Amino acid sequence: MTLGQRLRHLRRVKGMTLDQLSAAVGRAPSQLSLIENGKREPKLSLLQAIAAALGVPMQDLLRAEAPSRRAALEIELTHLQQNPAYSALGLPVVKGGRRLPPDALESLIGLHRELNRLLTEQSATPEVARRANAQLRADMRKRNNYFAEIEAAANKILLSVRHTTGPLSQRGILDVAAQVGFTLHYVNDLPSSTRSVTDLKNRRIYLPQVASGKGHDPRGVVLQTLGHFVLGHNDPADYGDFLRQRVEVNYFAAALLMPEKFAVDFLSEAKADRALAIDDFRDAFGVSYETAAHRFTNLATHHFGIPVHFARVHESGIVYKAYENDNVRFPADVTGAIEGQPVCRKWASRTVFEAEDPYSSFYQFTDTVAGTYWCTVHVESTRSGEFSVTVGTPYEHARWFRGGDVASRTVSTCPDPDCCRRPPAQLVDRWAGNAWPSARVHSHLLAALPPGTFPGVDNRDVYDFLDRRA
């Protein structure tokens, strides 16, 4: 269609009719008309003849961009009307030729875009989110969760603020914000659906005066927000894009809080002593355990050849987030998603809750159908209950970690239901038909994802807030 539009445009600029051009190239006018209307693809020899007749280089015919805004709109209208959702309405196809007034063309395009937006919004079900997250996790696994371009962007920022050693301080974070062109403002009336709000017009980032109490490092929130601008993010096009941006800014923030050079130096010394420990990594850089665990997965395989897995699991046994490149087999649904799936009761992510002191360092070997894995687990308490944060690696790599000689060992045969899912026969005999549990169903399991460019954010609250603060 773009080729046809460019041909028509160049022919009219030349002042030629279809009949004149057809005589010049030895083809019927009807054949050229089909090409101009995007209904036939010409052979290379005909394209060369057309370009010669019009007196233009053939590249002018083959450029990817439309020759004018009007032509671009006509092409877009044609594409939009080929959408199955529009076809299902049974409405006639409107031709975008010269007879269609500009305002009518603009109106039709606007209606089609809004129709597509609403359909996309309605289709953003939990299944869509799970599929998008599964794809994102596959992409992370493919690159061993190491993003060289984000490491380079973070290092460039650190150099620009003359950060030369160790963890990034609060003073350093203020310097980073200034370097990116923003000022930080701490307020007590931030909209409840947000962790920060950025005023792009006045280059201000608004943050809560106190930590949210949900485990978010206030330094991380600032750096994640700045990450969107350093990494050149635009408004997310869909839920998958939203998740990808979130992963990238989390990575960017961790790469500033735990700079690659210093983090790798620290881990190299610990590995040489066979004393790798997420607790020490956390304490050395003054971050949360989960941030340290995530950052370890960024660096372990790329720099040290250690394959790893990470999991955040609720005390009920449900996976909230996870990553692996060591072939451990997380439970998954038919979409490939692991979020919301129950972990084997024999895995360290769950046995830790049965330990005498679950809040101390916990280590365990687990024999699984995919091999034997060593894990180190940390338990943290939140408003939503207790969560275990696990970092694991195959048996042969346990020797590099503190606790790698632990005697504790379990055997998991999941997904075999006899491992830990199916109740013992004596309990079935005693209670089958005599139990009626009332399930605690979380409403978010049934609802569509929150609509909007930034899912779950109330735009009216955000705009009212910015208006008050402008």
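# Sheets and helix packing

User: Which residue does Asp 199 stand opposite in S3?
Analyst: Asp 199 stands opposite Arg 204. Keep in mind that this is a predicted model.

User: How do S2 and S3 run, and how many bridges join them?
Analyst: They run antiparallel, and three bridges join S2, residues 197–199, to S3.

User: What do S2 and S3 form, and which residue in the turn has a positive phi?
Analyst: The two strands form a hairpin with four residues between them. Arg 203 in the turn has a positive phi of about 55°.

User: In what sense do S1 and S3 pair?
Analyst: Parallel. S1 covers residues 183–187, S3 covers residues 204–208, and five bridges link the two. One of the residues involved is Val 187, whose bridge partner in S3 is Pro 208.

User: Other sheet now. What is the order of the strands in the six-strand open sheet?
Analyst: The order is S5-S4-S8-S7-S6-S9, with mixed pairing. S5 (319–324) and S9 (409–411) stand at the edges with a single partner strand each, so one side of each has no neighbour in the sheet.

User: By how much are neighbouring strands turned against each other there?
Analyst: On average by 25°, with direction ignored.

User: What about S6 and S7, parallel or antiparallel?
Analyst: Antiparallel, over seven bridges, with S6 at residues 362–368 and S7 at residues 371–382. Within that pair, Phe 362 stands opposite Val 377 in S7.

User: Where is Thr 413?
Analyst: Thr 413 is in the loop between S9 and helix H18, which spans 417–420.

User: What does Thr 413 count as in terms of accessibility?
Analyst: Partly exposed, because its relative accessibility is 35%, and that class lies between the cut-offs of 20% and 50%.

User: And what is Thr 413 in contact with, leaving aside neighbours within four places in sequence?
Analyst: Val 369 and Cys 419. The C-alpha atoms of Thr 413 and Val 369 are 6.0 Å apart, although 44 residues separate the two along the chain.

User: Helices next. At what angle do H11 and H12 pack?
Analyst: About 20°, with the axes 11 Å apart; H11 is residues 170–180 and H12 is residues 218–230. That makes the two roughly parallel. The contact involves Gln 170, Ile 173, Val 176, Ala 177 and Val 180 of H11, while residues including Val 222, Leu 223 and Phe 229 contribute from H12.

User: Is that crossing left-handed or right-handed?
Analyst: H11 passes H12 in a left-handed crossing.

User: What about H12 and H13, at what angle do they pack?
Analyst: About 120°, and their axes are 8 Å apart. The two helices are therefore oblique to each other, and their crossing is right-handed. On the H12 side the contact includes Gly 220, Leu 223 and Gly 227, and on the H13 side it includes Val 249, Ala 253 and Leu 257.

User: How many residues does H14 have, and how far does it reach?
Analyst: H14, residues 260–272, has 13 residues and reaches 18 Å from its first C-alpha to its last, close to the 18 Å expected at 1.5 Å a residue.

User: Which residues of H14 are buried?
Analyst: Glu 260, Phe 262, Ala 263, Val 264, Leu 267, Ala 270 and Lys 271.

User: What do those buried residues pack against?
Analyst: Helices H10 (148–160), H13 (239–257), H15 (278–285) and H16 (289–304).

User: Which residue just after H14 takes a positive phi?
Analyst: Arg 274, at about 55°.

Note on methods: Residues are numbered from 1 along each chain as its sequence is written. This is a predicted model: local features need pLDDT of at least 70, side-chain atom pairs count only at pLDDT 80 or more; totals for chains, interfaces and linings use all residues. Side-chain values use heavy atoms; hydrogens and water are left out. Two strands pair if DSSP finds at least two bridges between them. Axes are lines fitted to C-alpha atoms, for helices over the stretch in contact, and angles run from 0 to 180 degrees between N-to-C directions. The expected span of a helix is 1.5 Å times one less than its number of residues. Buried means under 20% relative accessible area, exposed over 50%, partly exposed in between (1.4 Å probe, protein chains only). Contact means heavy atoms within 4.5 Å. Angles under 35 degrees count as roughly parallel, over 145 as roughly antiparallel, 65 to 115 as roughly perpendicular and the rest as oblique. A crossing is left-handed if the near helix is turned anticlockwise from the far one by less than a right angle, and right-handed if clockwise.
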